[in-house]
Amino acid sequence: MKFGFKHTVYASFAGYVVQASVNNFAPLLFTTFSSSWNIPLSKITLLITINFCVQILTDIASVFFVDRIGYRAAAVAANAMSCAGFVGMAVLPGLTPDPYAGLLASVVLYAVGGGLLEVTISPIVEACPSDNKEMAMSMLHSFYCWGSVGVVLISTLFFSVFGIGSWKIASLFWGVLPALNAILFSLVPINDPTGEKNGGAPLKKVLRSPVFWVALLLMFCSGASELSISQWVSAFTETGLGVGKSAGDLAGTMMFAVMMGLSRLFYGKFGYKIRLMRFMALSVTLCAFSYAVITLCPVPAIQLAGCALCGLSVGIMWPGTYSTAVSRLKNSGTAVFALLALAGDIGCASGPTLVGLVSNAAGGKLSAGLGAAAVFPVMMAAGLILFSKLKTKDS
């Protein structure tokens with residue numbers, strides 16, 4: 001069989017499904033981990049923090065080795081490490097004296113894979129032949145959402161049929177996709193994403209660009225706004241709203257992902273009719289409103305609707321920022337791809353960590369932590385205003 005660039009795109013889509021499983025499978029089990037091994041909320045928060053901190057370190061390290069080993073090898077390694085993490089989550093807690101240590105080790109393994117996926121997948125698709133890069137990028141990132149939906153739906157159905165005690169088998173199942181995708185990435189064609197062979201812009205020049213620094217702020221706020229809700233919505237619906245686990249995961253976590261995916265799919269299909277910056281500004285306003293609904297409304301059903309609304313609002317933030325920054329910073333090289341991913345992952349770590357710390361200080365009240373995280377869409381609104389003012393000054 002001869003592989004073409006459409007297969008490269010398919011592998012990239014699958015790569016974002018893998019990353020969705022890396023970021024969303026463990027949060028479904030936070031309550032189970034806590035009750036099974038008496039792990040306090042502060043340590044559960046550390047699982048999220050370690051995941052994204054390792055992804056951040058991987059983003060930084062990738063600046064120095066991705067160009068040397070090539071994007072193909074990096075993509076294969078990313079999927080292989082993700083597979084190892086899921087297998088480790090099923091096996092290592094039973095082998096270590098402290099099950100929590102086994103969980104942490106597994107998180108580190110798949111976090112390395114997740115960090116590499118973030119650095120490599122978007123540039124690979126950016127380098128594929130395409131008529132509209134922004135729409136292609138939005139479509140790509142929608143697969144993170146569909147992956148999140150699949151993780152929640154399939155895992156919830158599995159737990160309903162076989163019981164939550166069978167979660168280790170589910171973890172092994174989610175390790176199959178990255179194993180297969182590693183093989184696919186070893187076979188598909190991959191263009192050089194950096195443009196450095198054609199005289200890419202030096203990093204020093206990029207670092208002097210105000211557009212670059214505002215883009216980093218937007219990426220940070222995008223990651224924080226999204227993950228503050230997605231990482232805690234399962235626990236929030238179960239403990240804060242008193243909704244059963246299965247119903248809470250379907251109505252909270254899965255609907256968040258569905259709405260986020262629909263937002264990205266919508267722009268991927270109809271983006272040529274809509275100004276991206278205007279769409280992002282509307283989304284940020286909607287995001288701030290949804291945070292207010294989630295934290296202030298006393299009606300659980302409306303709070304669940306707020307979680308779904310938040311998913312719709314954050315959908316365009318990450319891919320929109322990425323596409324806009326890359327289009328403005330022409331031929332900027334691997335370092336810029338990695339630094340944009342780094343800023344996003346710092347946000348992904350900071351948002352959920354802030355929620356956990358504030359909630360812990362408030363006696364385990366998650367609504368307090370989620371309310372504190374509303375600062376991120378507000379910061380992003382300010383960043384978008386600044387970005388629009390820089391538009392005519394930096395091209």
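Helices here are DSSP runs of at least four residues, numbered from the N terminus. By that rule Gly 150 is found in helix H6, which covers residues 133-162. Keep in mind that this is a predicted model.

- Setting aside neighbours within four places in sequence, Gly 150 is in contact with Ser 155 and Trp 174.
- Ser 21 belongs to helix H1, residues 5-24.
- With a relative accessible area of 2%, Ser 21 falls under the 20% cut-off, so Ser 21 counts as buried.
- Not counting residues up to four places away in sequence, Ser 21 touches Phe 86, Val 151 and Trp 174.

**Aromatic pairs**

- The model has 14 aromatic pairs.
- One of them joins Trp 37 and Trp 167 edge-to-face, with 6.1 Å centre to centre and 85° between the planes.
- Trp 37 lies in helix H2 (residues 30-37) and Trp 167 in helix H7 (residues 167-174), so this pair ties together parts that are 130 residues apart in sequence.
- As for accessibility, Trp 37 is partly exposed at a relative accessible area of 28%, whereas Trp 167 is buried at 6%.
- Phe 158 and Phe 159 also pair edge-to-face, at 6.1 Å centre to centre and 75° between the planes. Both of these Phe residues are buried.
- Phe 25, Phe 86 and Tyr 110 make up one aromatic cluster.

**Helices H10 and H18**

- The axes of H10 (residues 210-230) and H18 (residues 375-390) come within 9 Å and cross at roughly 155°.
- Angles over 145 degrees count as roughly antiparallel, and H10 and H18 are therefore roughly antiparallel to each other.
- H10 passes H18 in a left-handed crossing.
- On the H10 side, the contact residues include Pro 210, Val 214, Leu 217, Phe 220, Cys 221 and Ser 228; on the H18 side, they include Phe 376, Met 379, Gly 383, Phe 387 and Leu 390.
- By class, this contact of H10 with H18 has 17 nonpolar residues, 4 polar and no charged.

**Helices H4 and H5**

- H4 (residues 71-91) and H5 (residues 99-126) have axes that come within 7 Å and cross at roughly 155°.
- H4 and H5 are therefore roughly antiparallel to each other, and H4 passes H5 in a left-handed crossing.
- The contact of H4 with H5 counts 18 nonpolar, 8 polar and no charged residues.

**Helices H13 and H14**

- For H13 (residues 276-296) and H14 (residues 300-314), the axes come within 8 Å and cross at roughly 160°.
- H13 and H14 are therefore roughly antiparallel to each other, and their crossing is left-handed.
- From H13, the contact draws on residues including Ser 283, Leu 286, Phe 289, Tyr 291 and Ile 294; from H14, residues including Ile 302, Gln 303, Gly 306, Cys 310 and Val 314.
- The residues of the contact between H13 and H14 divide into 12 nonpolar, 5 polar and no charged.

Key: Residues are numbered from 1 along each chain as its sequence is written. This is a predicted model: local features need pLDDT of at least 70, side-chain atom pairs count only at pLDDT 80 or more; totals for chains, interfaces and linings use all residues. Side-chain values use heavy atoms; hydrogens and water are left out. Axes are lines fitted to C-alpha atoms, for helices over the stretch in contact, and angles run from 0 to 180 degrees between N-to-C directions. Helices (H or I, at least four residues) and strands (E, at least two) are DSSP runs, numbered from the N terminus. Angles under 35 degrees count as roughly parallel, over 145 as roughly antiparallel, 65 to 115 as roughly perpendicular and the rest as oblique. A crossing is left-handed if the near helix is turned anticlockwise from the far one by less than a right angle, and right-handed if clockwise. Contact means heavy atoms within 4.5 Å. Ala, Val, Leu, Ile, Met, Phe, Trp, Tyr, Cys and Pro count as nonpolar, Asp, Glu, Lys and Arg as charged, and the others, Gly among them, as polar. Rings of Phe, Tyr and Trp (its six-membered ring) pair if their centres lie within 6.5 Å; planes under 30 degrees apart count as stacked, over 60 as edge-to-face and the rest as tilted. Buried means under 20% relative accessible area, exposed over 50%, partly exposed in between (1.4 Å probe, protein chains only).
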